[in-house]
Amino acid sequence: MGPTFDLPPGLWPVEMDRGQIGQVVQNLVLNAAQSMEHGGVVRISARNVSDPKLPGPLADQTCVRVTVADSGCGIPQADLERIFDPYFSTKRGGSGLGLAVAYSIVRKHGGASRWSRPWGRAPHFTCTCRLRVGAST
Ligand SMILES: Nc1ncnc2c1ncn2[C@@H]1O[C@H](COP(=O)(O)OP(=O)(O)OP(=O)(O)O)[C@@H](O)[C@H]1O
Ligand SMILES: [Mg+2]
């Protein structure tokens with residue numbers, strides 16, 4: 001089953017490299033699909049965010065937050081700290097580079113990475129990137 005999209009009208013333009021952010025989303029969707037051996041739902045959503053409490057360089061910025069969530073196997077608590085490390089993989093034949101690359105791309109787009117954790121033990125995985133709003137090119 002394909003992903004479902006939740007992209008409301010009126011999303012702000014963001015300053016980004018289309019190809020690179022495409023790679024981020026592709027890595028996240030691939031991970032989501034691979035976590036659902038027996039099928040499930042991948043949901044891609046985006047929201048305008050304006051929060052004065054955003055961390056570091058994003059403070060007082062307005063952003064667009066992109067979330068990829070799945071209903072797959074989830075991530076064991078013990079792995080959570082390592083999933084963005086290069087070469088960390090729990091998959092046979094996995095390179096462990098997908099999230100490391102995604103993380104560095106998101107950072108290059110304005111130090112904009114905030115990845116939320118699975119909720120408790122619920123088998124959901126959500127990544128959120130916040131992109132600085134700017135002129136679209
Ligand atoms: N959506 C997800 N659901 C469950 N576990 C995940 C999910 N995304 C990432 N992980 C965990 O994080 C690890 C690292 O992910 P990452 O994308 O960096 O590497 P990989 O998928 O193993 O290999 P590669 O992406 O290089 O083919 C995965 O091996 C898996 O354990
Ligand atoms: Mg991957």
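The protein chain of this predicted model contains 2 helices and 5 strands. Read from the N terminus on, its elements follow the order β-α-β-β-α-β-β. Of the 137 residues in the protein chain, 36% are buried, and the accessible surface amounts to about 8,500 Å², with 53% of that area belonging to carbon and sulfur atoms. When contacts between residues at least 6 apart in sequence are considered, 66% of them join residues at least 24 apart.

**Strands β2 and β3**

Strand β2, which spans residues 42–50, pairs with β3 in the antiparallel sense, and 9 bridges connect the two. Within this pairing, A46 has V66 as its bridge partner in β3. Strand β3 itself covers residues 62–70 and is mostly covered, given that 7 of its 9 residues are buried.

S45 is a residue of strand β2, and it counts as buried because its relative accessible area of 12% falls under the 20% limit. Leaving out residues up to four places away in sequence, S45 touches D6 and L7 as well as R65, V66 and T67.

D6 counts as buried, since its relative accessibility is 17% and the limit is 20%, whereas F5, at 57% relative accessibility, counts as exposed because its value is over 50%.

The side chain of D6 is joined by a polar contact of 3.0 Å to the side chain of R43, and a further polar contact, of 2.7 Å, joins the side chains of D6 and R47. Apart from residues up to four places away in sequence, D6 touches R43, I44, S45, A46 and R47, a list that includes both arginines named in the polar contacts.

**The loop between β3 and α2**

Helix α2 is formed by residues 98–108, and Y87 lies in the loop between β3 and this helix. The phi angle of Y87 is near 70°, which is a positive value in a residue other than glycine. Y87 counts as exposed, with a relative accessibility of 65% where the threshold is over 50%.

G96 lies in the loop between β3 and α2 as well, but it counts as buried, because its relative accessibility is 14% and thus under 20%. Leaving aside neighbours within four places in sequence, G96 is in contact with D85, P86, Y87, F88 and S89, so that the list of its contacts includes the exposed Y87. From C-alpha to C-alpha, G96 and D85 are 7.6 Å apart in space, while 11 residues separate their positions in sequence.

The accessibility values of the residues discussed above are collected here.

| Residue | Relative accessibility | Class |
|---|---|---|
| F5 | 57% | exposed |
| D6 | 17% | buried |
| S45 | 12% | buried |
| Y87 | 65% | exposed |
| G96 | 14% | buried |

How values were computed
Residues numbered from 1 in each chain as written. Chains lettered and ligands numbered in written order. Predicted model: local features only at pLDDT ≥ 70, side-chain atom pairs only at ≥ 80, totals over all residues. Heavy atoms only, no water. Buried < 20%, exposed > 50% of the residue type's maximum accessible area, 1.4 Å probe, protein only. Polar contact = N/O pair within 3.5 Å; in protein donor to acceptor, adjacent residues only side chain to side chain. Contact = heavy atoms within 4.5 Å. Helix = DSSP H or I, 4+ residues; strand = E, 2+ residues; numbered from the N terminus. Pairing = 2+ DSSP bridges. Areas by Shrake-Rupley, 256 points an atom, 1.4 Å probe, with all protein chains shown as cover.
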